[in-house]
Amino acid sequence: MVARETPESAQCLCPSLASLNAKDVLRRKHKRKSRQHQRFMARKALLQEHGLRSTPPEPGSSPGTEAASSVRQHPRAESGGAPCSRKPTPRESAGPLPSKCVAIDCEMVGTGPRGRVSELARCSVVSYHGEVLYDKYIQPEMPVVDYRTRWSGITRQHMRKAIPFQVAQKEILKLLKGKVLVGHALHNDFQALKYIHPRGQTRDTTYVPSLLSQPSLHARTRVSLKDLALQLLHKKIQVGQHGHSSVEDAMTAMELYRLVEVQWEQQEASSLQLHPEDREPDSSTDMEQYMEDQYWPEDLAQGTSRGTGEAPGRAQ
């Protein structure tokens, strides 16, 4: 009989023990949560005391108080760390983005009577940081009479891998579209490319001496790229008997531009504000249409060369 009562009494005590154990577990959990909450509140109060945490604005608080609390959310700015918003540099505020700035240089050979006509034989384009974006030899439209190797660096061997002028022109103009174009004596390059870049997006480094002496941008002071590189950049270019390198010349022009970029772009910006009509459309937008005869002056369009249907002025 005793053996029977023991399991029955154990069965009666089990539910009460289980309920007690459950209550103890809940009580312990509650104590842990309350301690965590107390520690959290203590840390919160400490942060608020040191101004490192914003407090919710009270009803009727002034906007200045709310602004001050938002400033406190960035403690690194107060402690000398990196600020969240940095002040733009002069280049960022005044000049174009580096991705929108390229430099160009062209090498020409002589065609036509006695080789006096200059035609494009090589073109190089470099980025703001000097990376080569384009560098190809180009077959002139007329037979080459004078390679001008001493200055151009072009030889007969280079013409074996040259591409047709029309192909090169499309590739180059596509690369120049919408860009700020840097170069030295750019009128010669434009004549060889049969193209005119918007004046507001052109930076001719022949004006660099004028910028350094602070006269008007319209002062026509002509100094060779070789002399400017030696005097301002302390580097020698166009040396040796192999002629000029269009890549080297384009890189040097970009270096000169970067040397005076801040004051140049500030003058361009002020000039544009005074004369907003100087803002011109990009003439490369519809270059193929522009090259058609109907868009050329009548005196050029009427005279064709040997029945080819081309305006003679375009071969220069």
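## Basis

The model is predicted: local features need pLDDT of at least 70, side-chain atom pairs count only at pLDDT 80 or more, and totals for chains, interfaces and linings use all residues. Residues are numbered from 1 along each chain as its sequence is written, and side-chain values use heavy atoms, without hydrogens and water.

## Nonpolar cores

The largest nonpolar core has 21 residues. A core here is a set of buried Ala, Val, Leu, Ile, Met, Phe, Trp, Tyr and Cys residues joined through side-chain atoms within 4.5 Å. Buried means under 20% relative accessible area (1.4 Å probe, protein chains only). Ile104, Leu120, Cys123, Ile138 and Ile172 have the most contacts inside this core.

Strands S1 (101-111), S2 (117-127) and S3 (132-139) and helices H6 (165-176) and H7 (186-193) each supply at least two of its residues. Helices (H or I, at least four residues) and strands (E, at least two) are DSSP runs, numbered from the N terminus. H6 gives the most, with 5 residues. Another core, of 20 residues, lies apart; Leu211 and Leu256 are among them.

## Helices H10 and H11

The axes of H10 (residues 246-259) and H11 (residues 261-274) come within 5 Å and cross at roughly 75°. Axes are lines fitted to C-alpha atoms over the stretch in contact, with angles from 0 to 180 degrees between N-to-C directions. H10 is therefore roughly perpendicular to H11 (65 to 115 degrees).

Tyr257, Arg258 and Leu259 of H10 meet Glu261, Trp264 and Glu265 of H11, with contact meaning heavy atoms within 4.5 Å.

Terms used
Buried < 20%, exposed > 50% of the residue type's maximum accessible area, 1.4 Å probe, protein only. Parallel < 35°, antiparallel > 145°, perpendicular 65-115°, else oblique.
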